[in-house]
Amino acid sequence: MTTGLSRREFLTGSGALVVSFSMVPLLEPLASGQGQFDTHMSHIDPTRLDSWIAVASDGMVTAYTGKCDFGQGMYTAQTQLIAEELCVSIDRVRLIQCDTSVTPDQGTTSGSQSTPTNFNSSDLAQAAATAREALIKMAAPNLGVPANLLTASNGFISVKGGRRVSYGELIAGKKFNLALDLKAKRRPPSEWTVLGKPVPSLDIGALMTGQSEFVHNVHVPGMLHGRVVRPPAVGATVVNVDEGSVRGIPGLVKVVVRQNFIGVVAEKQTQAITAAAQLKVVWTTGIGLPAQKDFYDYIRKQPSRDVLMVDSRDVEQQLAQAATVLKATYCHPYQAHGSIGASCAVADVRADKATVWSSTQSVYPTRAGVATLVGLPVDDVRVIFVRGSGCYGLNGADAVSFDAALLSHAVQRPVRVQLSRADEMAWGENYGAACVIDQRAGVDATGTIVAWECEPWSASFGGRPGYDHPGNVITGALAGYPPQTVAPQAASQPTGELRNGNNAVPSYVGGCVGGKCGGTGSVRSERVLTHTVNSPFFTGPLRSPLRLQNTFAHECFMDELSAHAKADPVAYRLRHLREPRIVDVVKAAAQAAKWEARPSPKSDLRRGQIANGRGIACVAYEGDNGYVALIVEVDVDVESGRVQAKRFVVAQDCGPISNPAGLRNQIEGGVLQGMSRALSEEVTWNDRRITSTNWSSYHSLPLGIEVPAIDCVLINRSDVEASGAGETAITVVAAALGNAIFDATGARLRQVPFTGARVKAALESRS
Amino acid sequence: MHAVDVDPETPLLYVLGDELHLRGPKFGCGLGQCGACTVLMNGHAVRSCVTPVSEVKHAEILTLEGLGTSAKPHPIQQAFIDEEAAQCGFCLSGVILSAKAFLDRNPKATDDQIREALAGVLCRCFAHARMFKAIQQYAKTRHI
């Protein structure tokens, strides 16, 4: 398929070429629609307008973005953004996502940062605004009217009520040859006609009818199939590989060994599977693993890297004077991304260049990693994003891209690698970190919090490979590149402004040191000391990294403080919050849920089999990147310990909303994914290896559950910058559920997941 | 009708994907646990990742793309489009085809029966709420 144009052809070509680009229909697979490798465009300059926007002679707009869509709706929202700023309809925009030969390097699509990065006053949004103003300036001499009397609309620049000239006529397929204008005016939300409107996912028809191309569907002529052979135990290394054990398997092309990385390449996928299963490898026994049942104690005893995130330097004094000091400890397990599709990638590595089709969220960093692994200059490696199965941080996409590159490098032919389910869940992905979190707070005689201290321990190993650390995912580590580990270090006293936006800091504090204050709450005395220890397993950013674990602890502890004060949990939260945006989401959720003000637990704990209750939790994501409050109503079966959520009410504020339809979808998915993680998901292991390797040992709530009602209250603010929205709601789900279980039964769950057995144990330990 | 030259033990999924380049059925787990590889074999939902191609013989295999097109989606696909019932969309073969096969055989199924039929189908983006609404919408058309 060569219908598309490469970046070089575009940059040097005529308008006619750009037109042919725009004629690639929407359903054309993005990977093959982007042309053949022939370019070294690592220098795509983000300060230049032509790096972001091209307008063809027929007026079609092509936009280039470094933020990709893996199910969260960024393709549609970014298309809306371009259409809005350039005043054209959506079907006049073609968006090219994440291809190192044609798109600017925007790092990784992660951390709820795509909206802040591309929808405010820089990058893609600013490029589109610059392009609109540039077209208006071009039209002024053409129409003989000063630019300030011209308007852009529907692909034309017009004199009010009169003559007009089309974008295509003005630009005639040429480059803008302009710098991004940081003063170019964004169109105000009050005038939006495309952005801010509920637009269904642009590829929804293709998706529902199985026509969308995923990375799993990429076929390259002459492509072989690879499978990997991962170690049988954590830390096991290769002693011997007996290639004779697979001799004679039909179609086998090569056994590839590079230090502890082992893979096989064959003509057909089944042949590769057979060879991978039959290959005899002698491994060392591995490092041995700490017992899972004692793991939270184990974490505390490890050497740690300590950071004093915030310290108002008066916590001990305040606690000594407090009427009461409360303490609690919360535990959160390792959890898997568990993407529905085990990861897959295709690589074509030759002596002088390489192309990788990958669902990585980080095409440029992955390009750097591939270049390192196969020994090519980065400019000779092209990584093309092709959507994969939903990813919530760092699933096996980066690792399998490296796998494919190593295998293709060894055979100098294109190789497709499909991870098995066990490869993905035991050895492919980087888990969300296990945490144990100590909370301590002092309250005065009225129950008001006077000091809050939080001390979380989290386990870390590897992470995103970035540009320099291919060993941060399993493949790179097996091939000999060291993962990033935790170097123990004592905390030093923080200087400057308190880091109240850090995920380890509760929303209710707002301490000051030397007159510098921060935070969204009113508790002035605060101290947060984080400990990071080495993890036996690879970890990474799972929606929402550490924020979710810490918020579980903060918001449940807030509920415990509220119960101690015999206060209503909503009123008690409002008493300790001062940032209006988080106050507003709490009030909006309470109003929509018809929250009945009273303390938890319910006073009339009945003896029936089903106990019902409600709980609330809220968060200011990263301190200021989105605000959410969630109320959940639950039924708890006191015989079995089974928890059934009946209804969720979510109020969310992420600033000006780009696409309310996409936002609702993200909120609903986040809430239910959070419920599955809170109620049933936990990575498990024995003394040598991970044992949660498939869907019978890692428990994801299936389609067949009774799905609770989900009501969303969207607070649309046009007077602030746009915030992220993909990770906000999930952050508070475990806490809201735990608080609702407490309200219903008086039993406090301090360890995720809230399995039936754990709920029963908590019920039985009630006084 | 397609003729392919493969080992008879080859899972149907690999024939559909690698040999025939179909996009609907996806590799999710290879264990028949998640549903992403689901196809209809003579109207029955089967997990093509654990179905040897030798079992197919002359049976009719219908994949998600065989059910309808963007221009002319099948009513259950239309219901999913109406409800915007997907995020990444990787699981859709399992969700849509399992529901269709069940409802075609049990047009008067209750919500609880539909849930039971979907007990082995996963969506990890958790578009469950919309998906269930879409299935209910399709079920209503089957009642008439």
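**Note on a two-chain predicted model**

1. Helices (H or I, at least four residues) and strands (E, at least two) are DSSP runs, numbered from the N terminus, and two strands pair if DSSP finds at least two bridges between them. Within this pairing, Leu224(A) has Val415(A) of strand 17 as its bridge partner.

2. On conventions, this is a predicted model in which local features need pLDDT of at least 70 and side-chain atom pairs count only at pLDDT 80 or more, whereas totals for chains, interfaces and linings use all residues. Residues are numbered from 1 along each chain as its sequence is written, and chains are lettered from A and ligands numbered from 1 in the order in which they are written.

3. Strand 17 of chain A also pairs with strand 14 (residues 344–349) of chain A, here in the antiparallel sense and over 4 bridges, with Ala347(A) standing opposite Val415(A). In a regular strand the side chains alternate between the two faces of the sheet. In strand 17 (residues 415–418) both faces are covered, since Val415(A) and Val417(A) on one side and Arg416(A) and Gln418(A) on the other are all buried; a residue is buried if 20 or more other C-beta atoms, placed from the backbone, lie within 10 Å of its own, exposed if 12 or fewer, and partly exposed in between.

4. Leaving aside residues up to four places away in sequence, Ile741(A) touches several others, including Gly613(A), Val634(A), Leu749(A) and Phe754(A), where contact requires C-beta atoms, placed from the backbone, within 7 Å.

5. Helix 18 (residues 660–679) of chain A has 20 residues and reaches 28 Å from its first C-alpha to its last, close to the 28 Å expected at 1.5 Å a residue, the expected span being 1.5 Å times one less than the number of residues. This helix is mostly covered, with 18 of its 20 residues buried.

6. Chain B has 6 helices and 3 strands, which follow the pattern α-β-β-β-α-α-α-α-α along the sequence. The strands form an open antiparallel sheet in the order 2-1-3, with strand 2 (44–47) and strand 3 (61–62) at the edges, each pairing on one side only. Strand 1 (residues 38–41) of chain B is joined to strand 3 by 2 bridges, and Leu40(B) stands opposite Leu62(B).

7. For chain B as a whole, the radius of gyration (over C-alpha atoms) is 15 Å, which agrees with the value near 15 Å for a compact globule of 144 residues; the globule rule is 2.2 Å times the number of residues to the power 0.38. Buried residues make up 58% of the 144 residues.

8. Between the chains, 53 residues of chain B are in contact with 51 residues of chain A. On the side of chain B that touches chain A, the largest share, 5 residues, comes from helix 6 of chain B.

Terms used
Contact = placed C-beta atoms within 7 Å.
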